[in-house]
Amino acid sequence: MNLFLPRQAVDSFRDLDLTDLKARGIHLLLCDVDNTLSILGDNGCSREAVQFLHDVRKAGIHPILFTNNTKAHALRVMHGHPDVEMHTFVCKPLPLSFWRMMLQKRLKPSQVAVLGDQLFTDMLGGNLSGCYTILSLPLSKEERRDTKLMRKLENLIYTSLEKSGKLVRKENHVRIL
Ligand SMILES: [Mg+2]
């Protein structure tokens, strides 16, 4: 198994089929924040992202914001929506915080999905932990400096996945084959 290859890919969180996810036995959705739910530099999540988290709950799945960023950043992004559970400084892709989360929630890896925009943090961490991984395209081209560097390496992985016929990626579209 390729540890970078997501199990599913969507163009954005808006395209995630929550009914299908629930039918797969998913109880918990670990959502990345930067460029997955919110655009870096924006002062908060869009109304759509807030609605998405609401819809996730309505589908019977518990959403958790799961970010390598700081608590202050996560709180700023979720300004006005303090009821969303958030875990910060989770050190993706290390599987420790994923496993800790599963222990806390008494869930198996097969019951946990990870949604994120980066192969090296979200997908690798989710796959190493045995979770169901869902890649979404970054919401913006604005990135933190360290992420910009990782994107260059990430492009090499994308090229290799595309060449081996496992994934197709265009400007605004990504799919697992
Ligand atoms: Mg991200």
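This is a predicted model: local features need pLDDT of at least 70, side-chain atom pairs count only at pLDDT 80 or more; totals for chains, interfaces and linings use all residues.

Which residue stands opposite T133 in β6? The residue opposite T133 is V114.

**Strand β6 and its neighbours**

- β5 and β6 pair in the parallel sense, with four bridges between them.
- Strand β6 spans residues 132-136, and five of its five residues are buried, so the strand is largely enclosed by the rest of the structure.
- Y132, I134 and S136 point one way from β6, while T133 and L135 point the other way.
- In a regular strand, side chains alternate between the two faces of the sheet.

**The magnesium site**

- The magnesium ion has protein donors from D32 (OD), D34 (O) and D117 (OD), at 2.1 to 2.2 Å from the ion.
- Along the sequence, these donor residues follow the spacing D-x1-D-x82-D.
- D32 and D117 link distant parts of the chain, being 85 residues apart.
- D32 belongs to the loop between β2 (28-31) and α2 (47-58), whereas D117 belongs to the loop between β5 (112-116) and α5 (119-128).
- Both D32 and D117 are buried.

**The cysteines**

- The structure contains zero disulfides.
- C131 is in no disulfide, and the nearest cysteine sulfur, which belongs to C31, lies 13 Å away.
- C31 counts as buried because its relative accessibility is 0%, and the cut-off for buried is under 20%.
- C131 likewise counts as buried, because its relative accessibility is 3%.

**The largest pocket**

- The volume of the largest pocket is about 420 Å³.
- Its lining is made up of 17 residues, and those nearest the centre of the pocket are P138, S140, K141, R169 and E171.
- The elements that give two or more residues to this lining are α6 (145-163) and β7 (167-170).
- The largest share of the lining, five residues, is contributed by α6.

Note on methods. Residues are numbered from 1 along each chain as its sequence is written. Side-chain values use heavy atoms; hydrogens and water are left out. A disulfide is a pair of cysteine sulfur atoms within 2.5 Å. Buried means under 20% relative accessible area, exposed over 50%, partly exposed in between (1.4 Å probe, protein chains only). Donors are N, O and S atoms within 2.8 Å of the metal (3.2 Å for Na, K and Ca); water is not among the atoms, so sites may look incomplete. Two strands pair if DSSP finds at least two bridges between them. On a 1 Å grid over the protein atoms alone, a cavity is a set of points where a 1.4 Å probe fits but cannot get out, and a pocket is an open set with protein on both sides within 12 Å along at least five of seven lines; lining residues have an atom within 4 Å of a point. Grid points are joined across faces, edges and corners, and a volume is the space filled by probe spheres set on the points.
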